[in-house]
Amino acid sequence: MKEIIIATKNKGKVKEFEALLAPLGYLVQSLLDYPDSIDVEETGTTFEENAILKAEAISTHYQRMTIADDSGLAIDYLDGKPGIFSARYAGLAKDDQANINKVLEDLTGVDELESRSARFICALALSIPGGKTKTVEGTCEGYIAMKQQGENGFGYDPIFIVKNLNKTMATLSKEEKNRISHRAEALEKLIDIIDQS
Ligand SMILES: O=P(O)(O)OP(=O)(O)OP(=O)(O)OC[C@H]1O[C@@H](n2cnc3c(O)ncnc32)[C@H](O)[C@@H]1O
Ligand SMILES: [Mg+2]
C-alpha cells in the first residue's frame, strides 16, 4: 500500500483527504497521528508558498512522501480577505465560529448576493525526500450567505453558498463536497502528477 503523510492538524481536511485518497489505494496519515510533530510557521505570502513550507518541513523530518494543504476563503468585496489569514482571521485561537461571525460582520449592509462573491482556494504541495516539490491549485466559486446554514464540513462551509448548487457547502453530504470542492479539484491535478512520476 502507498503511504502518504498529509501535513495538517486540521481534522476536517484529514477526513476529506482520507475519503479522496483511500479509494486510490493510499494509506493516509496526518500530523494527528504524530502529536509531537514539529510546528511549521506559515510565513509565506501566498497559499502556494505556505503549502511548500509545510510539505518540505514534514517530508524532510519524517523522510516520507508528504502533501501539505494551504487553503482559505477569498471574498471579492474584502479585496481577497481573509485569504491566507483565513484560519486566524478572528484571532490566533483558530475558532471557526468566530471566523464566520467576523466575515458576516464585515459584510453587514452588503445585501446583494452578487456583491458577496467569493471563492475557496486550495494549494497543495507534494514533497518527496530528495525530489523537487510540486504544487497545484484548485478553486470553488460561490457567495457568502446572509446567515449560516448546515452542520457538515468544517471552517467556513456554513456560510459558503456554492455557485450553481445554491446551497451552503455545510448542507452538502461529504460525497457531494468531495465532487466539487477546491480541495478535490487540486488533488485530482496532483494525482495526475504523481501517476506520471
Ligand atoms: O495548516 P493546517 O495544519 O493544515 O490547518 P489549518 O486549519 O491551519 O489550515 P490553513 O492554514 O490552510 O487554513 C485554512 C483556513 O481556511 C478554512 N478552510 C479551508 N478549506 C476549507 C473548506 O473546505 N471549507 C471551509 N473552510 C475551509 C479553514 O477552516 C481555515 O480557517
Ligand atoms: Mg494553518
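**Close-up views of a predicted model**

**View 1. The largest nonpolar core.** Of the 19 residues in the largest nonpolar core, those touching the most other members are Leu73, Ile75, Val103, Ile144, Tyr156 and Phe160. A nonpolar core is a set of buried Ala, Val, Leu, Ile, Met, Phe, Trp, Tyr and Cys residues joined through side-chain atoms within 4.5 Å; buried means under 20% relative accessible area, exposed over 50%, and partly exposed in between (1.4 Å probe, protein chains only). At least two residues of this core come from each of β3 (66-75), α3 (96-106), β5 (117-127), β6 (134-144) and β7 (160-162). Helices (H or I, at least four residues) and strands (E, at least two) are DSSP runs, numbered from the N terminus. This is a predicted model, in which local features need pLDDT of at least 70, side-chain atom pairs count only at pLDDT 80 or more, and totals for chains, interfaces and linings use all residues. Residues are numbered from 1 along each chain as its sequence is written, chains are lettered from A and ligands numbered from 1 in the order in which they are written, and side-chain values use heavy atoms, leaving out hydrogens and water.

**View 2. Ile75 in strand β3.** Ile75 is buried, with a relative accessible area of 0%. Not counting residues up to four places away in sequence, Ile75 touches Gly80, Lys81, Pro82, Val103, Leu107, Ser117, Ala118 and Ile144; contact means heavy atoms within 4.5 Å. The C-alpha atoms of Ile75 and Gly142 are separated by 9.5 Å, although the two are 67 residues apart along the chain.

**View 3. Surroundings of Leu73.** Beyond four places away in sequence, the residues touched by Leu73 include Ser86, Phe120, Ile144, Tyr156 and Phe160.
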